[in-house]
Amino acid sequence: MSKKLYLITYGCQMNDYDSAKMASVLDASHGYTRTQDADEADLLLLNTCSVREKAQEKVFSELGRWKDWKAAKPDRVIGVGGCVASQEGEAIAKRAPMVDLVFGPQTLHRLPELLDTTRRTHKPAVDISFPEIEKFDRLPEPRAEGVTAFVSIMEGCSKYCTFCVVPYTRGTEVSRPLDDVLTECAQLVDQGVKEINLLGQNVNAYRGPMGKSGELCDLALLITYLARFDGLKRIRYTTSHPAEFTDALIDSFADEPKLASYLHLPVQSGADRILGMMKRGYTRADYLAKIKRIRAARPDISLSSDFIVGFPSESDLDFVETMDLIAEAGFDGAFSFVYSPRPGTPASNLRDNVPPEVKKQRLSLLQNRIRGLDTEFKEALVGSRQTVLVEKIAKKGGGQIAGRTSTNRWINFEAPESLIGQFTDVVVTESQPNSLRGRWVAPTP
Ligand code: SAM
Ligand code: F3S
């Protein structure tokens with residue numbers, strides 16, 4: 001009987017991607033198959049996130065629950081990966097002694113060796129080093145699961161925003177060579193993938209070495225190469241940094257029809273004073289000027305962003321500037337967070353002086369505003385014809401299938417299940433809180 005892996009993931013899409021790679025590396029080396037039932041698992045892994053305080057706290061409360069699970073069957077192995085592991089290292093095994101493995105985002109490919117070491121020595125095996133891009137060279141070939149896939153093209157971040165732990169937990173920016181990225185994408189397309197989402201903490205910082213020439217390929221050029229793959233019909237990327245959002249990337253929205261009409265461009269705040277304190281490297285005016293040009297290049301684009309409210313010293317006026325910027329940019333989606341000081345970051349030395357109730361109130365105002373804009377965006381789509389990549393049977397059942405529009409909205413509609421995996425056209429009939437409803441029109445040739 002094959003050994004079972006139970007794997008929980010917190011945090012961003014990079015972590016989802018890394019978790020899929022952990023599962024595939026353990027399957028290839030030790031024959032582990034995934035289970036959703038912790039009771040039958042031989043190996044239990046927690047892929048963690050430390051971007052915000054809450055995410056970090058969750059790790060130790062989850063591990064607390066796993067104590068009994070380990071006590072019931074002591075030869076089970078427990079591992080902690082991801083950014084909390086990277087930040088805390090051996091301290092995790094000290095604070096939670098049932099932990100056998102501690103590995104960072106850059107050492108997940110070494111999981112098989114770490115597993116063998118802990119089994120042999122009966123001691124925790126810890127590796128949170130940054131062996132740069134070695135990770136990708138040591139991973140098994142990608143296996144497509146469905147018609148959409150993520151491909152990580154770079155790791156880490158060198159922006160050092162004053163509030164953020166990512167440069168410390170994931171290391172500085174390192175790009176994968178162009179040939180490696182193209183090969184992985186080609187392998188996925190050969191397996192039927194039609195939409196690829198290029199991933200990076202700072203995906204538009206991509207500068208992949210091209211062959212032996214020493215020249216570097218940026219994200220805009222990578223998109224033009226990928227667009228030449230016949231079977232690949234849609235390209236997305238996330239997450240971009242506004243300061244590095246180049247003219248070439250803006251132009252690609254005008255020039256490359258395979259690029260989806262969706263962009264996530266975190267702004268964090270609308271007040272120049274706060275942006276300066278965050279060390280974001282752009283002003284409100286710079287940001288809005290880029291949005292204007294992006295909209296000119298792709299008028300139907302869906303734009304989303306990230307916001308932090310309650311950064312140290314953020315005044316009512318600063319917050320009003322953020323709300324104004326939301327109206328001016330016309331975002332139709334956002335992830336928004338209350339500021340939490342992260343250990344080791346420059347901002348953690350500032351007094352966290354916005355009262356918690358003010359932070360909460362600002363967050364709720366901001367989220368209500370964004371929800372309203374999302375509704376407006378979806379309502380404006382009613383009556384339009386959208387090309388949809390059908391991904392699955394709709395959760396709502398009733399003979400409906402579900403796919404995503406180019407603008408990244410889920411749409412449910414009645415049509416044969418045989419359309420799953422295909423592009424088809426749908427007329428939007430209704431906007432609902434988290435999705436759209438539509439009427440199937442015809443397959444797109
Ligand atoms: N690369 C992205 C960018 O260009 O800004 C950000 C990636 S970060 C992992 C994801 C989001 O978490 C950030 O955009 C920010 O809004 C939020 N975040 C990061 N550190 C935070 C902190 N200390 N407190 C609250 N939110 C935080
Ligand atoms: Fe974090 Fe800023 Fe990089 S938010 S991931 S340091 S761009």
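Which residue stands opposite Ile-308 in S16? The residue is Phe-337. The model discussed here is predicted, with local features requiring pLDDT of at least 70 and side-chain atom pairs pLDDT 80 or more, while totals for chains, interfaces and linings use all residues. Residues are numbered from 1 along each chain as written, chains are lettered from A and ligands numbered from 1 in the order of writing, and side-chain values use heavy atoms, without hydrogens and water.

Strand S15 (residues 302-309) pairs with S16 in the parallel sense over 6 bridges. Strands are DSSP runs of E with at least two residues, and helices are runs of H or I with at least four, numbered from the N terminus; two strands pair if DSSP finds at least two bridges between them. Together, 3 strands form an open parallel sheet in the order S14-S15-S16. Strands S14 (262-264) and S16 (333-338) each have a single partner strand, so one side of each is left without a neighbour in the sheet.

Helix H5 (residues 111-121) has as its buried residues Leu-111, Pro-112, Leu-114, Leu-115 and Thr-118, where buried means under 20% relative accessible area with a 1.4 Å probe, protein chains only. Seen down the axis of H5, these residues fall within an arc of 165°, so they line one face of the helix; the arc is that of the directions from the helix axis to the C-beta atoms. The buried residues of H5 pack against helix H1 (13-30) and strands S3 (43-48), S4 (77-81), S5 (101-103) and S6 (125-127), contact being heavy atoms within 4.5 Å. After H5 comes His-122, with a positive phi near 60°.

Methods: Buried means under 20% relative accessible area, exposed over 50%, partly exposed in between (1.4 Å probe, protein chains only).
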